[in-house]
Number of protein chains: 2
Amino acid sequence: MDELRFRAAMLCLVLDSRAVVHAEEVLYCNYLRAEMAPIHFGSLVYDYQAMDVIGPFDLIGSGGRFILDAVSFFTDIDRKLIDRAPEFVFHHIGETLDPVRLLTSSLVVNPTDTLDDCPELDYLLVGGPNIKDFKLSPRYAEFIRRHVAAGKIVFTTCTGAAVLASTGVLDGKRATINNLEYEFARKQYPKVKWTKETKWVVDGNIWTGSGAVAGMDMFAHWFKESFGLDLLTEASKGLDYEPRDINGLFKVFPQRYDENGVQLSTLVLP
Amino acid sequence: MDELRFRAAMLCLVLDSRAVVHAEEVLYCNYLRAEMAPIHFGSLVYDYQAMDVIGPFDLIGSGGRFILDAVSFFTDIDRKLIDRAPEFVFHHIGETLDPVRLLTSSLVVNPTDTLDDCPELDYLLVGGPNIKDFKLSPRYAEFIRRHVAAGKIVFTTCTGAAVLASTGVLDGKRATINNLEYEFARKQYPKVKWTKETKWVVDGNIWTGSGAVAGMDMFAHWFKESFGLDLLTEASKGLDYEPRDINGLFKVFPQRYDENGVQLSTLVLP
């Protein structure tokens, strides 16, 4: 275990210092990381659409060690796969610990951390509020700017991209947003290179997704690239979910047909 | 409006008294209901998987009047469609108002109602906990039994079917469950006619779904049958979500191809 920690730390140092990093190196690095320490994912608690955060978190959580361990009581899962699964810790970060009513589902959530006592995050997810009159608080905006400036990955889903744009970090970058709010975002934030050609867009360390479920597709892609297709398949089984590729097509998992050529549902839950 | 209320009340009385009800009558009844009064959807708050409840609630909520009204600021939506959209009120019903930590996503939710002060529900959704050691409280069990005995629809997603089975109301009924927990449920509740042939099963007023996203597919079907394909399409646009049919195939929305026969993503967000 000590040796693993050392190898991971060395590899991460090397990767951080290089301009070009190959996908398999990132994959290997994340394999090592999974053995090493929990991955801290954060979300800022304001009145976003509940699915924007729950969808992606529950998806990757379903491929995390905690859930796979629990599920292995009910069904066979290769022990090696569970050992390789990442351990996630999710943080719902409030300005205070006061409960917040989300935009949808009448869900009232209690923050798990405040801006002041939240541990160092590895990844940040910015959910989508009703951007008609939404104003991000200056402290949240500063938190986002610091996270992005540190070179760490930020994800947005739905109108979260407009929230990100309001902090200035999207200026000059390519981004997408829930297509329903596309024209509004284009006018409101003209310095961003908005596109709606694909379900998600990656520009440097900024990943912007379209609507909430497209956000899940984006997380599925990130999870697959980071931990492998076999672990994404396990994650997807938990939710009975089939991810789309970046073009919105169901080509991530192989299609299945019976002997007469009639289509069957995919391999997620045979 | 008074006339509408009267027609709806009469129609509901007639339908309630009949053994066989046709789909178009239910649809018409729900059109009238949408003009009439909010539809109260409830969920019992215990440590279920967050997506089991948020997925279905956010999906139908995205086709509800509140969200469509909000979205119409950003994009054209036919006013007649919005006027026909149902108005939903979601209740998260606790035994007390104390916060509950859900099974996944580290989400801590505050109930909106208690068992004692919750208004009369139209529909109940039972989410899925880790059923290895889960015990439903006697007061929740009684609440479920009363709801089902009143002939009102109960939905389950994921392992919620095992929670329902533990109350006895599934005895002798056909049901499905998240396929990962299928064998466990079959042994634990042998009086239920379990199947995993379809993504969801309807037996009388009991709708059981498979995993969380299959539960969204089930809700999409219910929403379409109740309010029409045009409103389901609007609901799906909000989440950028494509529902599967009962066999797990993406045939609810028409497939799209370009002039060279290359598949495009579906019509949800053209």
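**View 1. A salt bridge between R244(B) and E242(A) in the predicted model.** Here the two side chains meet at 2.7 Å, N to O. A salt bridge is a Lys or Arg side-chain nitrogen within 4 Å of a carboxyl oxygen of Asp or Glu. Between chain A and chain B, the count is six salt bridges.

**View 2. The contact between chain A and chain B.** Each chain brings its share: 57 residues from chain A and 57 residues from chain B, with contact meaning heavy atoms within 4.5 Å. About 5000 Å² is buried between the chains, and carbon and sulfur atoms give 61% of this. That area is the accessible area (1.4 Å probe) that the two parts lose on being put together, summed over both. On the side of chain A, F74(A), L180(A) and D240(A) lose the most area to chain B, together 15% of what that side buries.

**View 3. The loop residue S105(A).**

**Notes.** Residues are numbered from 1 along each chain as its sequence is written, and chains are lettered from A and ligands numbered from 1 in the order in which they are written. In this predicted model, local features need pLDDT of at least 70, side-chain atom pairs count only at pLDDT 80 or more, and totals for chains, interfaces and linings use all residues, while side-chain values use heavy atoms, with hydrogens and water left out.

Key
Helices (H or I, at least four residues) and strands (E, at least two) are DSSP runs, numbered from the N terminus.
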